[in-house]
Amino acid sequence: MGSLDIKQESTPLMTNPLDPEEFRRQGYMVIDFLAEYYKNIEKYPVRSQVEPGYLRKRLPESAPYNPESMETILKDVQKDIVPGLTHWQSPNYFAYFPSSGSTAGLLGETLAAGFNVVGFNWISSPASTELESIVMDWLANMLSLPKSFTFSGGGGGVMMGTTCEAILTTITAARDALLDQIGRDNINKLVIYGSDQTHCSFFKSAKIAGISPKNFRTVKTSRAHAFALKPESLRAAIEADVNAGLIPLFLVATVGTTSTAAVDAVGPLCDVAKEYNMWVHVDAAYAGNACICPELRHMIDGVEKADSFSFNAHKWFLTTLDCCCLFVKDPDSLVRCLSTNPEYLKNKATDTQQVVDYKDWQITLSRRFRALKMWLVLRSYGVDYLRNFLRTHVDMAVYFEQMVTMDKRFEIVVPRSFSLVCFRLSAAAVLQYSGQKFIEEETLNDLNSELLESINSDGRIYMTHSLVDGIFMIRFAVGATLTEIHHVTYAWKLVQEHTSAILARRIRNL
């Protein structure tokens, strides 16, 4: 048999992908790029103005065969990627809830990415596990959570990606604990409860956990009670299910709902749920951040009666996405249903049962070193600064609310909570401008929708909406790191300008 003649094409040798000097050179370039981005961020339309599919038209159909320089790539980032961004860090961003960033958060993320450890158990990187445990206890103390949510009190905290993960984890723990008592065949009898304002991730998580969608209970709230879940309404829903032979499993009480930042009465809801041995999770994804301020801590009163509590530090705590902080009273309930112990993960440290293996506290195995960026944020800014940072945004929301109230064309739909103002163009104003005697709610909703789209299409500010109890409302959420009082004043001026134009156009069209 003859020899096989293989011809190899010669290609330029690349430097080591982790060459220290090349990392330094390119790192400086990226940092400079981001610094200029933040310096000029107000020049961009806040909401991206591109059309669907824009990027496929700009980029090649296949990846490059040969290396390209960072200089070339960054030019394309500016030319092709930046136009397709909605600028969450813009000081004129008032949509959804904030995703506040900071120098410490960004650099902490950089350090974590640089170390690139995979901290599934203690031995895989002891500092990752131990720092997370320490920082979670720091946060528990800042929030004045009961000692039972700390490691020294028999509980503990874990950092996850999002609230979705936190709720899925706790539902799974609650499910297994109850099914161990009543039998696995009874899973279709388990019922979960939330209000009609509870975040959609709750029901998504329950579905993943195997709870039958027909056993999802969305208890109705009302504008008269600021869309908070009432204990008597919860009790009525639970009793109806119990009488039907179903088994209550899990309740989510929300502090700061997505639509209106409504606050459920945690303590009284826990009292009802505990009569039926239910797991209670307090979802404070947005508003929990502000509860480090003593004057707002009462919003989570009663949390000592709950089984778990979570908030998203990546929303309003100067910590980059992603970082959801989950506290539980009974970590063993997580470990019992989520632990894995294959031979290749066994080690002496785990065998001692004196360490935390966070892989057994979450759905996934692998995990990022999130604690590092939180540690940098807490050390770089301190508790006092963080409290004042949050207070400033609340004060700006109060200021915006006052301006809305002074303009008789508008109404506040629900009382302001934290730094979210929900408002709309009122029926009285439309009737006054049009000379009509009656306007249907649907027509009023359409008009407010038109107003919001007019403002957002302008590009200078960005707000979002919600539809609650048939009412279309405009949400003004203050929380971007760079936002100052003059940005709020400017935003209100634009709202007034677009309102005047739309009302004038409506009169002309009568």
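Which residue in β11 is the bridge partner of Thr 464? The partner of Thr 464 is Arg 475. The model is predicted, with pLDDT of at least 70 needed for local features and 80 or more for side-chain atom pairs, while totals for chains, interfaces and linings use all residues. Residues are numbered from 1 along each chain as its sequence is written, and side-chain values use heavy atoms, without hydrogens and water.

**The sheet**

Four strands form an open sheet in the order β8-β9-β11-β10, with antiparallel pairing; strands pair if DSSP finds at least two bridges between them. Strands are DSSP runs of E, at least two residues, and helices are runs of H or I, at least four, numbered from the N terminus. β8 (410-412) and β10 (464-468) are at the edges with a single partner strand each, so one side of each has no neighbour in the sheet. From one strand to the next the twist averages 40 degrees. β10 and β11 (residues 471-477) run antiparallel and are joined by five bridges.

Angles run from 0 to 180 degrees between N-to-C directions, with axes fitted to C-alpha atoms, for helices over the stretch in contact.

| Helix | Strands touched | Angle |
|---|---|---|
| α15 (residues 441-458) | β8, β9, β10, β11 | about 30 degrees with β11 |

**The helix pair**

Helix α6 (residues 163-182) packs against helix α11 (residues 331-338) at about 80 degrees, with the axes 9 Å apart. The two are therefore roughly perpendicular, a term for angles of 65 to 115 degrees. Thr 169, Thr 172, Ala 173 and Asp 176 of α6 meet Ser 333, Leu 334, Cys 337 and Leu 338 of α11.

Notes. Parallel < 35°, antiparallel > 145°, perpendicular 65-115°, else oblique. Contact = heavy atoms within 4.5 Å.
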